[in-house]
Amino acid sequence: MKARIRVTVVGMLACGLAAAPVFVPLLAEPISVGAGKQTVNLGGTRMDVYTYRPAQCPDPSLLLVFHGAARDAEDYRDYARGLADRQCMLVVAPLFDRKRFPSWRYQRGGIVDVSGAVQNPRDFTGRLVLDLVGWARQREGRNLSYSLIAHSAGGQFLGRLVAFVPNEAKRVVIANPGTYVSPSLTVDAPYGLGKVYSAADGEDPLRRYLQQPLTIYLGEADDRDDDRNNSAEARAQGASRLARGLNAFNAAKSLAQARNWAFNWRLIELPGVGHDAGKMLSAPQASEALAP
């Protein structure tokens, strides 16, 4: 049955600017039980999204799931089904196609273009995540709480979102990403906060970054020399995905302790698993990683 409601969703813009209110239509039509697919319009950007709603889950929270470099959103939706069943979550997995979202716009968040020029915060790719949350809330007819989870390339994308796009996620989980946003104003974006923020105005954004509810979720066997980002900037973060994750977490924790700042990051490791999205999302540790 369609619910008759009116909801106002206010997005938050990167760098702290507020977007205009989005007024939800009076008629809400909840996402169907089971697996599905539809095309949505997010402020003029059309995207395919894959959905899953558990059958025995009357009041789910929202889980947005982000795919890896293979752009296999449907597979990622399916990887998250067991997690959604256990946690009573409505899964929405958007597809970021290669043509419109090459690596600088997806993995590296659209923060800087291929020439290294900083983009307008209104154009950061992470803004689409907030629009997608608004779409799901509109469909459901209520102010859904939400969490974000991703693996590999999607983890790189969410890492940039946490650093540069204000959001209201209960928890953001990045599993086995190839690169991170270093908690540093001297390392240039998208591998640090530099260029987007200067030393003069960057202390508050840096502190906010360390306060975010971020979980770094690592497969302990993800230490092979494969097709990960192997640029000079990536190599500076560590010799493997595992090493980069540990280094990023430890650097952030040390900085927060040195500055006496709040630190809400979490580190979870999964023994015996390498660069495998299905195993990472289906393991019991994935529920732990998502815990508020």
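Guide: Cysteine 88 is partly exposed, its relative accessible area being 24%. This is a predicted model, in which local features need pLDDT of at least 70 and side-chain atom pairs count only at pLDDT 80 or more, while totals for chains, interfaces and linings use all residues. Residues are numbered from 1 along each chain as its sequence is written, and side-chain values use heavy atoms, with hydrogens and water left out.

Visitor: Why is cysteine 88 called partly exposed?

Guide: Buried means under 20% relative accessible area, exposed means over 50%, and partly exposed lies in between (1.4 Å probe, protein chains only). Cysteine 88 has 24%, and is therefore partly exposed.

Visitor: What makes cysteine 57 count as buried?

Guide: Its relative accessibility is 6%, which is under 20%, so cysteine 57 is buried.

Visitor: How do you know that cysteine 57 and cysteine 88 form a disulfide?

Guide: A disulfide is a pair of cysteine sulfur atoms within 2.5 Å. The sulfur atoms of cysteine 57 and cysteine 88 are 2.1 Å apart, so the pair qualifies. By this rule the count is one disulfide.

Visitor: What makes this a link between distant parts of the chain?

Guide: Cysteine 57 lies in the loop between β6 (45-53) and β7 (61-66), and cysteine 88 in the loop between α2 (81-87) and β8 (89-94), 31 residues apart. Helices (H or I, at least four residues) and strands (E, at least two) are DSSP runs, numbered from the N terminus. The chain has nine helices and twelve strands.

Visitor: How much of the chain is buried?

Guide: Buried residues are 54% of the 292 in the chain.
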